[in-house]
Amino acid sequence: MSETKEGLDLLAAETLRSRYLREGEEDWKDVCERVAKAVATTTEEYTEFFNLMNSKVFLPSSPTLMNAGTASGQLSACFVIPVEDSIEEIFDSVKTAALIQKTGGGTGFNFSKIRPDGSPSASGTGTASGPVALMGLFNQATEIVKQFGRRRGANMGILDISHNDIIPFIRAKRTEGILSNFNISVMIPDAFMSLADEGRMNEIWNSKTGAKVGEIFSEVVDGIWKNGEPGVLFYNRINRDNFTPSLGDIHATNPCGEEPLLPFESCNLGSINLSLFVEDGKINWDSLRETVGKAVRFLDNEIDVNVYPVPKIGEATRKTRKIGLGVMGFHDMLLKLGLPYNSTEALKLAEKLMGQINWAAVRESRKLAAEKGSFPEHENSIWKLPMRNATLTAIAPTGTISILAGCSAGIEPVFSWVYRRTRTVEKEFMLVHPLFEAHFKPKLSESDYSWLLEHVYTHGTLKDIKNSKVVSGEEKRLFRSALDISWKTHIDIQAAFQRHCHAGISKTINMPANTKKEDIEKALIYAWKQGLKGLTIYRTGSRQHVVLSLKKSQ
Ligand code: UDP
């Protein structure tokens, strides 16, 4: 009954074939050779980089795997493009976004400089259409470009909570299928969150529109409850970690939120597969720190070999040399260590892991600065000692590279131990998590194991299983998946990683279908107080089209 091996192998093979193999390439090793050759500057580095990728200990993000050593040569996943309030500049931004998306990069925009819907146009002869209508233009451009690329372009559309059009913006995606190439987020300053926290909902927030704090806040909460959008970004928290404040404030992030960037900056991402660092039930810390060093070198080299979509992006990126090193396979690591995702030990480990990774990354960046020089804006940064890169760490979703690596995505808990995946490959498979299978299959009779799979496939949890011969209390605690974990734990884990991460974190805070709007309000305030830079909440069942799901009859 279990199709784990066949299903997962097919998924990885299909992903490799459709996304990463270039002409003349047959297997993963060929991809690693091409990428290592393009990124390495010495034969020693070539061997190191090849081994990192071939063993799947570290993988750069998709654009690097797709484009390194090819005619495109564009390696970054994240971009932020400014949008100014004139026709010329707007269409320049659309063009830049199209050029980026053609190469598989994702673009983030803050539309707050665009004058509100209905205001007089600059020429005085008409009226402006406002940020929401404009997003339709960018969305359409992505739709067209997507036919040329290997991966769907992604956009992040941001609006400041003080903008006059904030309510239509929050509602812009309420009908599923509209602005489908956009994630939308509201940028919220501390002043607004403080008022919401203090319950001062009747205070006027926007004197021009008369909108009150409570009205805007409940629009955000409603949107999240209805279908998971808008996401939320915390402006002051993001800018407390602006390492080059003299270059301006940060107003936007890339599509999945892990990279707050200045206008025209781009960033290369790469992720370390944590699950491979567990040896005999213990973490090999030395090996982890050593891998971090090599990964930093890898991502830093990319900045110099990258082919930038437009010159301005190359200039902005080279000034600060930001890179985004992150992790994947965190939940798999916990399983191998026998730690439930929602345990105090997991929280402590999250903190220690990211602390060590960030520290090892900074150490390597200092070494690189001694060898090759600090980033050009170093003197204008808050770094005192030499640094090759203004920021080093970010945790990406690893949506596709975690499939290649065969590990749990980013720092997310496993969605369900038995699940269905749609849209990635034509044939739909019931998939079983390999560590779940390895644990239960050998110890249960064939019929008990089949029963267990069917139960988890249908209900998505082990916690309601009464038969302790099939699943013990301890096993129920260890094998908790996304929906068995409270929103508070989701946020606590994100906050633990965030405390030691220069940039941001992509993570979904899962909530059950019967969640009340008050819980969403509480979660937003709690997340802000815990120091998250932003968050995405998803309530089960609130969207029709999802990639991962339980048995179809559900
Ligand atoms: N991204 C994109 N299109 C996509 C998926 C991702 O442009 O379909 C960009 C986006 O900026 C996102 C980043 O790539 O934040 C990293 O995403 P992820 O880690 O899932 O990418 P992977 O390297 O696993 O393909």
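How many of the eight residues of helix 13 (residues 330–337) are buried? Six of them are, so helix 13 is largely enclosed by the rest of the structure, where buried means under 20% relative accessible area, exposed over 50% and partly exposed in between, with a 1.4 Å probe and protein chains only. The buried residues of helix 13 are Phe330, His331, Asp332, Met333, Leu334 and Leu335, and the helix is followed by Gly338, whose phi is positive, near 75 degrees.

The model is predicted, so that local features need pLDDT of at least 70 and side-chain atom pairs count only at pLDDT 80 or more, while totals for chains, interfaces and linings use all residues. Residues are numbered from 1 along each chain as its sequence is written, and side-chain values use heavy atoms, with hydrogens and water left out.

**The chain as a whole**

An automatic or database domain assignment divides the chain into domain 1 (20–71 + 267–306 + 318–404), domain 2 (78–253) and domain 3 (414–482), and the centres of domain 2 and domain 3, taken over C-alpha atoms, are separated by 40 Å. The chain has 20 helices and 19 strands, these being DSSP runs numbered from the N terminus, with helices (H or I) of at least four residues and strands (E) of at least two. Along the principal axes, the C-alpha atoms fill a box of roughly 75 × 55 × 45 Å. Of the 554 residues, 57% count as buried. Among contacts (heavy atoms within 4.5 Å) between residues at least 6 apart in sequence, 73% join residues at least 24 apart.

**Thr291 in helix 11**

Thr291 is found in helix 11 (residues 285–305), and it is buried, with a relative accessible area of 7%. Leaving aside residues up to four places away in sequence, Thr291 touches Leu52, Val57, Ile272 and Phe277.

**Backbone features in loops**

Leu179 is found in the loop between helix 7 (166–171) and strand 5 (182–188), and at 8% relative accessibility it counts as buried. Phe264 has its place in the loop between strand 10 (260–261) and strand 11 (266–273). A further loop, between helix 9 (213–227) and strand 8 (231–234), holds Pro230, which a cis peptide bond joins to Glu229, with omega about 15 degrees.
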